[in-house]
Amino acid sequence: MLRLKNNFSIEHDIAGCGLCGIINIRKIRTNGEDIKKAIALEHDRGNGLGGGFAVYGCYPEYADIYAFHVMYDDLAAKHDVEEYFKNNFIIEKQESIPVFKTSKINDHPILHRYFMKPKSDREDRLLHDLGDDDFVVSSVMLINSEYDGAYVFSSGKNMGAFKGVGYPEDIADFYMLDNVEGYMWTAHNRFPTNTPGWWGGAHPFTLLDWSIVHNGEISSYGINKRYLEMFKYNLALKTDTEVIAYILDLLIRKHGLPVELAMNVLAAPFYQTIEKMEPKQKELYTALRQIYGSALLNGPFAIIFGYPDGMVALNDRIKLRPLVAGTKGDFTYIASEESSIREICPYPDVVWSPKAGEPIIIKTINTENISQKQRLIIS
Amino acid sequence: MITIDAKGLHYKELNKIIRESIASGIKNVFLENVNGQYYIGDGIKGDNITITVNGVPGNDLGVFMDGPSIIVNNNVQDNVGNTMNSGKITIKGDAGDVVGYGMRGGRIYIRGNAGYRIGIHMKGYNEQIPIIIIGGKVGSFFGEYMAGGVMVLLGLNNSEELAGEYFGVGMHGGAIYLKKKIDFSKYSKEVEFLEANDDDMAFLKKYLLEYAKDFNLSSEDLIGGPFYKIVPSSARPYAHLYTSSSL
């Protein structure tokens, strides 16, 4: 197994991968069988060096506290991190993440999960007064960059990431996702080309409740990384996708941007397009480009972004990676290939592709505004 | 004739059966329950061979194909007919991105819409004229760097937006025909927008009639003019990109 604290002298990762997402807008939960079938159809888009899933709604009994998924190289690493957890968190429950060793996945790190919340009298309060979310973010950054052989790969509420080295269908069997239920699933099949496949490098990348699966290459990784470092994000994983998760945390949670606008920062309209907008829109988009120039993603990408209230599919501004959507009743499906959707939903009501740089945003219906009319393109 | 149930078959096995069938002299291949298998009909040669696909075929359908016909009764994914040399692909649904990349002969008829980068780098020489006809609308980069051949965009679905950005950018050969007038001022300065003349219509008629027949459309509606034509202003739009124009 590749050691978790990866010291590869590599700038970042390029990948040509497969993506899938399923959401039920009424938050009806389904198990992991469909998403496994859908991503398995895209088997040949990956090469067995990374597969993973994010699922929302999987821990209803601990919905108010943080669910940490952590991978460890060895018991010493586990001991050190648990020391930190004990000092700073009230741990309601901890256990091994249930796994089923198969002939395909038999070499893996120690996988453990913790349901917990930050202590109110924790040590760091002497120095600063972080809110719970901020403290969780700084704990994730600290463990991922400073603790040898330990990596937090999930830290949200009522959601979880399940990932590793292997084809996604084998990773699904390994984590027994047919026993896991959620109202939204995303999946990734990895084809790493610039960094080795290691457990921490598999998608999704998550932070708090945000999750990202990504196909493509973020050419702007360097400038995005330097920008994020100003806001105390540590880019410890050496893969380009990591920046997307942190940029969205910064824009949506810290700066309070609506999801729609955050997407328009990642894939900002070209100035020639802004030029043609109505005065008010023009002012808004010009301001976004000026303020968030360093958060713009360059290079080819297709991403599926998951957050508790919905799912977003987004392409780069000139559509250099595939992305297809389909709906059937309360379900919406997103995938790199239409056949992937039809594998689990043979006759969708509609099938369409997002336009370059224009997000498809599917919100669960307990939040206002089901469809963002301007952006949800059904043709 | 052979009927193959493609359900659960990996593309390698499926394409092996198709190739062996054609090699053994079978002219009609029916594929049932296709879903996502890549490379169907790639590099196959021969006359009077027809592959009928039921289901959504995977990427790279009919790539390098030289002679046969493929009929798809559903949508198709990306990269259909890449570098196709001759033959015909008929698609009853929509097509994904990058149809007919570098295509050098044959016909691709699409009943529905098509995605981004349709007919980019298409080329033609003497009797080798690749033809793509799209019934609906297309995304950006339509005919980018087009060097030859003919594309027809019909816009039959009455959608507001017939094509995306960067229409015909870098186009330096071939022709694009439109059944609907569009505001071309926002597009490439490297092309010219004209009304199609009688010679153009005489050339197009044969293909439009075939298209109408394939998709059960009224041929009068389809060939009734006027049509508009887009041709490159220059055969070498970038001749002076790196040198001064006085050289």
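## The sheet of chain A

In this predicted model, strand β12 (residues 210-216) of chain A is joined to strand β13 (residues 301-307) of chain A by 6 bridges, and the two strands run antiparallel. Within this pair, Val213(A) stands opposite Ile304(A) of β13(A). Helix α6(A) packs on the sheet and touches β11, β12 and β13 of chain A. The direction of α6(A) makes about 140° with that of β12(A).

The sheet itself is open and is formed by 5 strands of chain A, in the order β11-β12-β13-β14-β18, with antiparallel pairing. Its edge strands are β11 (205-207) and β18 (360-363) of chain A, each of which pairs on one side only. On average, neighbouring strands of this sheet are turned by 15° against each other, direction ignored.

## A helix with buried residues in chain A

Which residues of helix α7 (residues 259-266) of chain A are buried? They are Ala262(A), Met263(A), Asn264(A), Val265(A) and Leu266(A).

Chain B contains an open sheet of 11 strands, in the order β1-β2-β3-β4-β5-β6-β7-β8-β9-β11-β10, and the pairing is mixed. The edge strands are β1 (2-5) and β10 of chain B, each pairing on one side only. Neighbouring strands of this sheet are turned by 15° against each other on average, direction ignored.

At one end of this order, strand β11 (residues 228-232) of chain B is joined by 3 bridges to strand β9 (residues 173-178) of chain B, and these two run antiparallel. Here the bridge partner of Tyr177(B) is Lys229(B) in β11(B). Strand β10 (residues 191-195) of chain B also pairs with β11(B) in the antiparallel sense, over 5 bridges. In that pairing, Glu195(B) has Tyr228(B) of β11(B) as its bridge partner, while Val191(B) stands opposite Pro232(B).

## Helix α1 of chain B and Ile18(B)

Helix α1 (residues 11-23) of chain B lies across β1, β2 (28-35) and β3 (50-56) of chain B, and runs at about 175° to β1(B). This helix contains Ile18(B).

Leaving aside residues up to four places away in sequence, Ile18(B) touches Val29(B), Ile40(B), Gly41(B) and Ile51(B). One of these, Ile51(B), is 33 residues from Ile18(B) in sequence, and the two are 8.7 Å apart in space, C-alpha to C-alpha.

## Contact between the chains

How many residues of chain A are in contact with chain B? There are 15 residues of chain A in contact with 15 residues of chain B. Helix α10 (residues 338-344) of chain A gives the most to the side of chain A that touches chain B, with 5 residues. By class, that side of chain A has 5 nonpolar, 4 polar and 6 charged residues.

Notes. Residues are numbered from 1 along each chain as its sequence is written. Chains are lettered from A and ligands numbered from 1 in the order in which they are written. This is a predicted model: local features need pLDDT of at least 70, side-chain atom pairs count only at pLDDT 80 or more; totals for chains, interfaces and linings use all residues. Two residues are in contact if their C-beta atoms, placed from the backbone, lie within 7 Å. Helices (H or I, at least four residues) and strands (E, at least two) are DSSP runs, numbered from the N terminus. Ala, Val, Leu, Ile, Met, Phe, Trp, Tyr, Cys and Pro count as nonpolar, Asp, Glu, Lys and Arg as charged, and the others, Gly among them, as polar. Two strands pair if DSSP finds at least two bridges between them. Axes are lines fitted to C-alpha atoms, for helices over the stretch in contact, and angles run from 0 to 180 degrees between N-to-C directions. A residue is buried if 20 or more other C-beta atoms lie within 10 Å of its own, exposed if 12 or fewer, and partly exposed in between; C-beta atoms are placed from the backbone.
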